[in-house]
Amino acid sequence: MSAPTSETFAQQLQLLRNDLIEQIRQQRGGQIGRAEAAGDRHDVQSGDWAQFDGERDLAMALDQRETEELGAIDAALKRIANGSYGYCKDCEIEIPAARLHASPTTLRCLACQERAERASGESHATL
């Protein structure tokens, strides 16, 4: 991948990273986590433990998803730095720029991604 193209994706990834970090800060309302903030807002003494548990579980799932997304962005930035960005991790062909624009953290070309998803679905079906 050419240097100008890599720089374009680096800028796009950095913007995504900054937006995600800002989103996390706003949702957490400062230094406490979203689950704690939800607990503070919810009057648990009302006896609605099921709602409280649901809110806490949702907040934890969102935290996990955001952490994974942030990790994928950081990994993509590292691939740009070491020159491996934009190449499929399975077949090593160059991933089309359109796919990278649509999903800048992607690790695979479309054909390999479809194979990986089929294999994953088959392994889950046998469980």
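Contact here means that heavy atoms lie within 4.5 Å. By that criterion, and leaving aside neighbours within four places in sequence, Ile80 is in contact with Ser6, Phe9, Ala10, Leu13 and Tyr85. The model is predicted.

**Nonpolar core**
- The largest nonpolar core contains 17 residues, and Leu13, Ile80 and Tyr85 have the most contacts inside it.
- Two or more residues of this core come from each of H1 and helix H3, which spans 49-82.
- H1 is the biggest contributor to this core, giving 6 residues.
- Leu13 and Tyr85, both among the residues with the most contacts inside the core, are also among the contacts of Ile80.

**Ser6**
- Ser6 is part of helix H1, which covers residues 3-28.
- Beyond neighbours within four places in sequence, Ser6 is in contact with Met1 and Ile80.

**Thr106**
- Thr106 sits in the loop that runs between helix H4 (97-102) and helix H5 (110-125).
- With neighbours within four places in sequence set aside, the contacts of Thr106 are Arg79, Ile95, Arg99 and Leu100.
- Among these contacts, Arg99 and Leu100 fall within the 97-102 range of helix H4.

Methods
Residues numbered from 1 in each chain as written. Predicted model: local features only at pLDDT ≥ 70, side-chain atom pairs only at ≥ 80, totals over all residues. Heavy atoms only, no water. Helix = DSSP H or I, 4+ residues; strand = E, 2+ residues; numbered from the N terminus. Core = buried A, V, L, I, M, F, W, Y, C linked by side-chain atoms within 4.5 Å. Buried < 20%, exposed > 50% of the residue type's maximum accessible area, 1.4 Å probe, protein only.
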